[in-house]
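Dear colleague,

Please find below the sequence and the structure that I am handing over to you. My findings follow directly after them, and I would be grateful if you read them with the structure open.

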Amino acid sequence: MAHKGKRQLGLFKQDMTSTVREDGIPVYKVCLVREGRVPCYNQQIRSAVDAATLLHTYLADVDREHFVVLMLDQKNKVIGINTVSIGSLTASIVHPREVFKVAILANCASILIAHNHPSGAPRSA
């Protein structure tokens, strides 16, 4: 028995009230889109030098700080590179959500994160 002022919900669809919206819940599709390619002499990252060489090629002519993610497969071969954030000359704001979003979408085994110092000074004075 329902209390006065409270409405009891039924178990079947015809018992439900009109509180459910007719248009329903949106369904989304999420995918990666390739924007280009970077020349690479060694697609497997075996050392910091390999990573630095690839990143130097990718970030060669930028004038602002870039925060990038290298996505790697289980053999440390590069699946792709994603620029997570482009900042100013001295700073780049990054949220962890943006770093991991691309890693999950690419289904990578590991990631390498990096950023550049276009000012040429890796430490602040």
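**Findings: the sheet and its surroundings**

Val69 stands opposite Ile113 in β3. Please note that this pair, like everything else in this message, comes from a predicted model. A second pairing of this kind joins Met71 to its bridge partner Ile111, which also belongs to β3. These contacts are part of the antiparallel pairing of β1 (residues 66-72) with β3, which extends over 6 bridges.

The chain contains 2 helices and 3 strands, and from the N terminus on the order of its elements is α-β-β-α-β. The chain has 125 residues, of which 22% count as buried. Its exposed surface comes to about 10500 Å², with 55% of this supplied by carbon and sulfur atoms. Among the contacts with a separation of 6 or more, 52% are between residues 24 or more positions apart.

The 3 strands make up an open sheet, ordered β2-β1-β3, with antiparallel pairing. Because β2 (78-86) and β3 (110-115) stand at the edges and have a single partner strand each, one side of each is left without a neighbour in the sheet. On average, neighbouring strands are turned by 20° against each other, with direction ignored.

On its other pairing, β1 meets β2 in the antiparallel sense over 7 bridges. Here His66 stands opposite Ile86 of β2. The hairpin of β1 and β2 has 5 residues between the strands, and Asn76 in this hairpin takes a positive phi near 60°.

How many of the residues of β1 are buried? The count is 7 of 7, and the strand is therefore described as mostly covered, since a residue is buried when its relative accessible area is under 20%. His66, Val68, Leu70 and Leu72 point one way from β1, whereas Phe67, Val69 and Met71 point the other way; all of them are buried. The helix α1 (48-58) lies across β1, β2 and β3 and runs at about 130° to β1.

Ile93 lies in the loop between β2 and α2 (96-105). Its relative accessible area is 76%, so Ile93 is exposed. Between Ile93 and His66 there are 27 positions in sequence, and their C-alpha atoms are 9.5 Å apart in space.

Val30, found in the segment before α1, counts as exposed because its relative accessibility is 59%, and the cut-off for this class is over 50%. Together with Tyr28, Leu32 and Leu105, Val30 makes a nonpolar surface patch of about 450 Å².

With kind regards

Note on methods
Residues numbered from 1 in each chain as written. Predicted model: local features only at pLDDT ≥ 70, side-chain atom pairs only at ≥ 80, totals over all residues. Heavy atoms only, no water. Patch = residues over 30% accessible without salt bridge, like charges linked within 9 Å, V, L, I, M, F, W, Y side chains within 5 Å. Areas by Shrake-Rupley, 256 points an atom, 1.4 Å probe, with all protein chains shown as cover. Salt bridge = Lys/Arg side-chain N within 4 Å of Asp/Glu carboxyl O. Helix = DSSP H or I, 4+ residues; strand = E, 2+ residues; numbered from the N terminus. Buried < 20%, exposed > 50% of the residue type's maximum accessible area, 1.4 Å probe, protein only. Pairing = 2+ DSSP bridges. Axes fitted to C-alpha atoms, helices over the stretch in contact; angles between N-to-C directions. Contact = heavy atoms within 4.5 Å.
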